[in-house]
Amino acid sequence: MTAPAATAALPRRRLLGYGVGSVGTGVFSAVPGLLLLYYLTDVLGVSAAIAGAVLVVPKAWDVVLNPIVGAASDREAVRTGRRTRLLLIGGVTLPFLFAAMFAVPVDSPGFGAGWAAVTFLLAASAFACFQVPYVALPAEISDEQSERGRAMAWRVVCLTVGILVAGGLAPALSKSAGGGRAGYALMGAVIGIAMGAAMITSALANRWIPSTPGPRPLGLAAALRAARGNRPFFALLGGYVSHTLAVAIMLAGAPYIATYRLDDYGLTSAMFVCMVGPSAVAVPLWRKLSVRYGVVPCYVTALTMFAVTGFASYPAISAESRPGVLALAALTGVCYAAVQLFPLSLLPETVHADKGRTGQAQAGAFTGLWTAAETGALALGPGVFALVLAVSSFRSSDLDEPVRQTGTALTGLTAGFSIVPALLFLLAVPLLLAYRRLAAAHRPTEEAQPHAV
């Protein structure tokens, strides 16, 4: 089956139909990472160590689940020529499970921890049903590399909008209803409805995209064997995981910086808006720069800028300078646009180029691995920050009995938000340089197209 506009420019309505799904994925990627750890430690009174386990352990299941969903998505594509069924399953079920995560019915730290663990595991599983086939679609949306690049640019802009709206609105919603369990329950319901609407709309809008992964459906083991030889993919994935973990740590730390360093939980929304807001404006700029100078050089530049900003945040936060912290957050937003755009632009090209090696364009197998690693990094981020809190003697509390943190705890949460992510951004740089070298060997015919790498 051939795409209706495989070699022609994709109309904007189809680009928007694909991109709007990222409004939903952005919400789920941002809100639990931003608020769930704080909800557990400072609303429910769960200890930092237990709260960290609640966020990390359920996600270990998703690291296993996502490749399974990827293989299932490829099998569905071979049978039906579409990936719509899994997209709808995820889009319909996730909003209810997301709302349940922030609606603990009993005022008990132990029960709250267990409730959050179970509902988070189920919600993340529903998210995998949408996210894995959704990430596979760009490799199939057009035969033209330039059109796939346009689709990814639209996706990243929509992703930024979703993250911005959710991250800016969610803390404000919870605070508007008192900031306790009732406030978070309201936030979960409202944000869940918005997320589900975006995902279902995208699933229905993308039914036109033909999926032809190969002449026969592969089982999970065969699909993973097919993916194993794509060395550029794994180098790219390594760099992506490193900086995704860094961003996840920063998201988890933002409410703590606002509350304990800047003395105003309400600044969580302001920090988030400053961090993500510039991204939407910066995406077209980064895309133009990448066409001129190459994707990987621009990608590495953004990672280095991100690291420098992280190191600079430590003294600004320690001095409790609100203008300084917000200004640095805005600069990270410019970098954030690049680290979202570039890996998502390179992924479909890496998958698409692999068809010549294997004869099987198993996009689901690659995106299953990709989203599994992404899920693990997003879950591990709050866990790493929780570990920093536990090691630095952070004291959990609830709204009725607030506590003052020790100097050690304040130093720990500041370093966890700034220094630790900065080091992870730098770690991603050599992995991206390795990707460029491997991609050149893997796809020598693309040397005449420097913008591709």
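Ala136 sits in helix 5, which covers residues 109–136. Keep in mind that this is a predicted model. Is Ala136 buried or exposed? Ala136 counts as buried because its relative accessibility is 1%, under the 20% cut-off. In sequence, Ala136 and Thr367 are 231 residues apart, yet their C-alpha atoms are 5.8 Å from each other in space.

## The chain as a whole

Zooming out, the protein chain has 15 helices and zero strands. It runs to 453 residues, and 59% of them count as buried. Take the contacts in the chain with a separation of 6 or more: 84% of those involve residues 24 or more positions apart.

One spot to look at is a nonpolar surface patch made of Trp61, Val64 and Ile68, which together have about 260 Å² of accessible area. Ile68 belongs to helix 3 (residues 48–80) and counts as partly exposed, at 36% relative accessibility.

## Charged pairs

Side chains of opposite charge can pair when their charged atoms come close. How many salt bridges are there? The count comes to four.

Glu140 pairs with Arg83, with the closest N and O atoms 2.7 Å apart. Glu140 is in the loop between helix 5 and helix 6 (145–176), while Arg83 is in the loop between helix 3 and helix 4 (84–101), so this pair ties together parts that are 57 residues apart in sequence. Both Glu140 and Arg83 are buried. In another salt bridge, Glu76 pairs with Arg85, and their closest N and O atoms are 4.0 Å apart. Here Glu76 is buried at 4% relative accessibility, whereas Arg85 is partly exposed at 46%.

Then there is Glu147 with Arg150, a salt bridge at 2.7 Å from N to O. Both residues lie in helix 6, three residues apart, or about one turn of the helix. Glu147 is buried, with a relative accessible area of 8%, and Arg150 is partly exposed at 24%. Shared partners also join Asp74, Arg83 and Glu140 into one salt-bridge network.

## A buried asparagine in a loop

Last stop: Asn206, in the loop between helix 7 (181–205) and helix 8 (220–228). Asn206 counts as buried, at 3% relative accessibility. Its side chain reaches the backbone oxygen of Ser202 at 2.9 Å. Leaving aside neighbours within four places in sequence, Asn206 is in contact with Gly17, Tyr18, Tyr134 and Leu137.

Note on methods: Residues numbered from 1 in each chain as written. Predicted model: local features only at pLDDT ≥ 70, side-chain atom pairs only at ≥ 80, totals over all residues. Heavy atoms only, no water. Helix = DSSP H or I, 4+ residues; strand = E, 2+ residues; numbered from the N terminus. Buried < 20%, exposed > 50% of the residue type's maximum accessible area, 1.4 Å probe, protein only. Polar contact = N/O pair within 3.5 Å; in protein donor to acceptor, adjacent residues only side chain to side chain. Contact = heavy atoms within 4.5 Å. Patch = residues over 30% accessible without salt bridge, like charges linked within 9 Å, V, L, I, M, F, W, Y side chains within 5 Å. Areas by Shrake-Rupley, 256 points an atom, 1.4 Å probe, with all protein chains shown as cover. Salt bridge = Lys/Arg side-chain N within 4 Å of Asp/Glu carboxyl O.
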